[in-house]
Amino acid sequence: MSANRPVIAIYPGSFDPITLGHEDIARRTLQIADRLIIAVAHTATQSKTSLFAVDERVELIQEVFQGDDRVEVLAFKGLLVDFCRERGVRFVIRGLRAVSDFEYELQMAQMNRELWDALETVFLAPELDYSFLSSSLVREVAGLGGDVTRFVSPSVWTRLQAKLAR
Ligand code: PNS
């Protein structure tokens with residue numbers, strides 16, 4: 001971090017919905033960056049059935065980080081590298097939970113660097129308690145009536161219940 005040139009990082013993802021694992025990665029990022037853009041992608045590399053619309057996911061993340069003006073939450077369409085380049089942001093943050101994440105993450109990091117060689121991907125390990133956690137598991141467990149209150153923020157849980165009740 002430097003007084004002259006703030007370090008800005010982008011944490012991209014699907015965040016459908018944001019989990020405590022994502023929050024942990026975002027907070028860890030703020031220990032090494034001055035500002036963080038959490039970027040919700042309209043297009044995910046691994047296709048998934050979505051629960052929340054992209055705008056709803058943005059709102060959920062904004063609620064979680066309300067009051068922290070170091071965090072900005074945006075949606076983006078198209079390539080991540082283009083979104084980063086437009087903003088002059090050279091650091092992409094990704095969480096690595098387990099070795100099983102590694103191949104997919106390394107492929108994306110290498111492809112992104114091929115597309116824009118100034119882009120660096122920084123991998124952060126989450127708190128061990130969250131190493132099994134994913135949005136898809138939260139969606140599945142909540143959808144089948146399981147308790148996910150330990151895995152998401154209260155505001156996310158409230159919205160999850162409302163969404164699943166429909
Ligand atoms: O949370 P996810 O779904 O694992 O995040 C994947 C994401 C959104 C970061 C990735 O799919 C992405 O960057 N999508 C934007 C489109 C893009 O740039 N695709 C090429 C990636 S190499």
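Author: The lining of the second largest pocket is made up of five nonpolar, one polar and three charged residues. Here Ala, Val, Leu, Ile, Met, Phe, Trp, Tyr, Cys and Pro count as nonpolar, Asp, Glu, Lys and Arg as charged, and the others, Gly among them, as polar. The model is predicted, so to speak of a local feature takes a pLDDT of at least 70 and to count a side-chain atom pair takes 80 or more, while totals for chains, interfaces and linings use all residues. Residues are numbered from 1 along each chain as its sequence is written, and side-chain values use heavy atoms, with hydrogens and water left out.

The residues that line this second pocket are Arg 5, Pro 6, Val 7, Ile 8, Arg 87, Gly 88, Val 89, Arg 90 and Phe 91. Its space is about 190 Å³. A pocket is an open set of points on a 1 Å grid over the protein atoms alone, where a 1.4 Å probe fits and protein lies on both sides within 12 Å along at least five of seven lines; lining residues have an atom within 4 Å of a point. The volume is the space filled by probe spheres set on the points, which are joined across faces, edges and corners.

The largest pocket holds about 1100 Å³ of space. Among its 47 lining residues, Gly 13, Ser 14, Lys 48, Arg 94 and Tyr 104 lie nearest its centre. Two or more lining residues come from each of S1, helix H1 (20-29), helix H2 (54-64), strand S4 (91-95), H4, strand S5 (120-124) and helix H5 (135-143). These elements are DSSP runs numbered from the N terminus, helices being H or I with at least four residues and strands E with at least two. H4 contributes the most to this lining, with nine residues. By class, the lining has 20 nonpolar, 19 polar and eight charged residues.

The ligand sits in the largest pocket, meaning that more than half of its atoms lie within 2 Å of the grid points. The elements giving two or more residues to the shell around the ligand are strand S1 (8-13) and helix H4 (99-115). H4 gives the most, with four residues. There are 17 residues around the ligand (one heavy atom within 4 Å), and Ser 14, Thr 43, Thr 45, Lys 48 and Leu 80 come nearest. Nine residues of the shell are nonpolar, six polar and two charged.

Arg 94 has a polar side-chain atom 2.9 Å from a ligand oxygen, and for Tyr 104 the distance is 3.0 Å. The protein covers 88% of the 540 Å² of accessible area that the ligand has on its own, by the Shrake-Rupley method with a 1.4 Å probe.

Conventions:
Polar contact = N/O pair within 3.5 Å; in protein donor to acceptor, adjacent residues only side chain to side chain.
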